[in-house]
Amino acid sequence: MSAPGQLSQERLLQLRNQYLSLVKLEVEEFGVKPTEVRHLIGRLGEFECALLVGGTLSHIANQHGFDVVAANGRKISVKATGQKSGFVAITKSTLHHADDLMVIQYRNAKLEVLYYGCINKAVEFARFYTPTGSYELELSKARQLQHAAQQSIQPDGPAPGGSAG
């Protein structure tokens, strides 16, 4: 059972499915590019992340630095994208608010987690772009990080992406 003001896992699943249907409708029926419905994909990613980690959405809409609180209390910044390639931006000024990062890609009407792990580990592999004050993590590097983390996970080892931030 969820606390007052929090969405239950069942409700998160319903919302995720509704958003996924809406994005599919926009893309498949109306020919809209996934990158043009990024606000929907962003929220869809938050629902997906909360479901995957048994967590909840942040109590505040557009909370600075993180979007989901995992069942274990870790704060997760969610970056969901409809891009086939490119990068996700991680704002330097709010980086310290999140413990972990989850990068989710919407592609061919499906969601794929490209990276889930320590946000500081991800930033090590990102480039810093001074004009925006953000780190830019290439989607291809996110995939490589995830693959490397999966190769090194021990049964009682660290969380994917390295040790806690």
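Visitor: Which residue in β8 stands opposite Y129?
Guide: This is a predicted model, in which local features need pLDDT of at least 70 and side-chain atom pairs count only at pLDDT 80 or more, while totals for chains, interfaces and linings use all residues. Residues are numbered from 1 along each chain as its sequence is written, and side-chain values use heavy atoms, with hydrogens and water left out. Strands (E, at least two residues) and helices (H or I, at least four) are DSSP runs numbered from the N terminus. β7 covers residues 127-129 and runs antiparallel to β8, with three bridges between them; the residue in β8 opposite Y129 is S134.

Visitor: How many residues lie between β7 and β8 in their hairpin?
Guide: Two strands count as paired if DSSP finds at least two bridges between them, and β7 and β8 are joined by three. In the turn of their hairpin, G133 has a positive phi of about 70 degrees. The number of residues between the two strands is four.

Visitor: How many bridges join β4 to β8?
Guide: In general, strands of a sheet pair through backbone hydrogen bonds, either parallel or antiparallel. β4 and β8 run antiparallel, and I90 stands opposite Y135 in β8. The number of bridges joining β4 to β8 is five.

Visitor: How many of the five residues of strand β8 are buried?
Guide: Buried means under 20% relative accessible area, exposed means over 50%, and partly exposed is in between (1.4 Å probe, protein chains only). Strand β8 spans residues 134-138 and is largely enclosed by the rest of the structure, because the number of its five residues that are buried is four.

Visitor: What is the order of the strands in the open sheet?
Guide: The sheet has five strands with mixed pairing. Its edge strands, each pairing on one side only, are β1 (56-57) and β6 (110-118). Inside the sheet, β2 (residues 68-69) and β3 run antiparallel with two bridges, whereas β3 and β5 run parallel with six. The order is β1-β2-β3-β5-β6.

Visitor: Which residue in β3 stands opposite V69?
Guide: β2 and β3 form a hairpin with five residues between them, and G73 in the turn has a positive phi of about 90 degrees. V69 stands across from a residue in β3, and that residue is K75.

Visitor: How far apart in space are D99 and I76, C-alpha to C-alpha?
Guide: D99 lies in the loop between β4 and β5, and its relative accessible area of 27% makes it partly exposed. Contact means heavy atoms within 4.5 Å; leaving out residues up to four places away in sequence, D99 touches G73, R74, K75, C118 and I119. D99 and I76 are 23 residues apart in sequence, and their C-alpha separation is 6.0 Å.

Visitor: Does T94 count as buried or exposed?
Guide: T94 is in the loop between β4 and β5 (100-107). Not counting residues up to four places away in sequence, T94 touches H64 and G65. Because its relative accessibility is 18%, T94 counts as buried.

Visitor: What distance separates the C-alpha atoms of E28 and N108?
Guide: E28 lies in helix α1 (residues 9-29) and counts as exposed, at 56% relative accessibility. E28 and N108 are 80 residues apart along the chain, and their C-alpha atoms are separated by 9.6 Å.

Visitor: Which element gives the most to the lining of the largest pocket?
Guide: On a 1 Å grid over the protein atoms alone, a pocket is an open set of points with protein on both sides within 12 Å along at least five of seven lines, unlike a cavity, where a 1.4 Å probe fits but cannot get out; lining residues have an atom within 4 Å of a point. The volume of the largest pocket is about 770 Å³, counted as the space filled by probe spheres set on points that are joined across faces, edges and corners. Of its 34 lining residues, the closest to its centre are G42, E46, D67, V78 and K79. The elements giving two or more residues to the lining are α2 (38-53), β3 (75-81) and β4 (87-91); the one that gives the most, with six residues, is α2.
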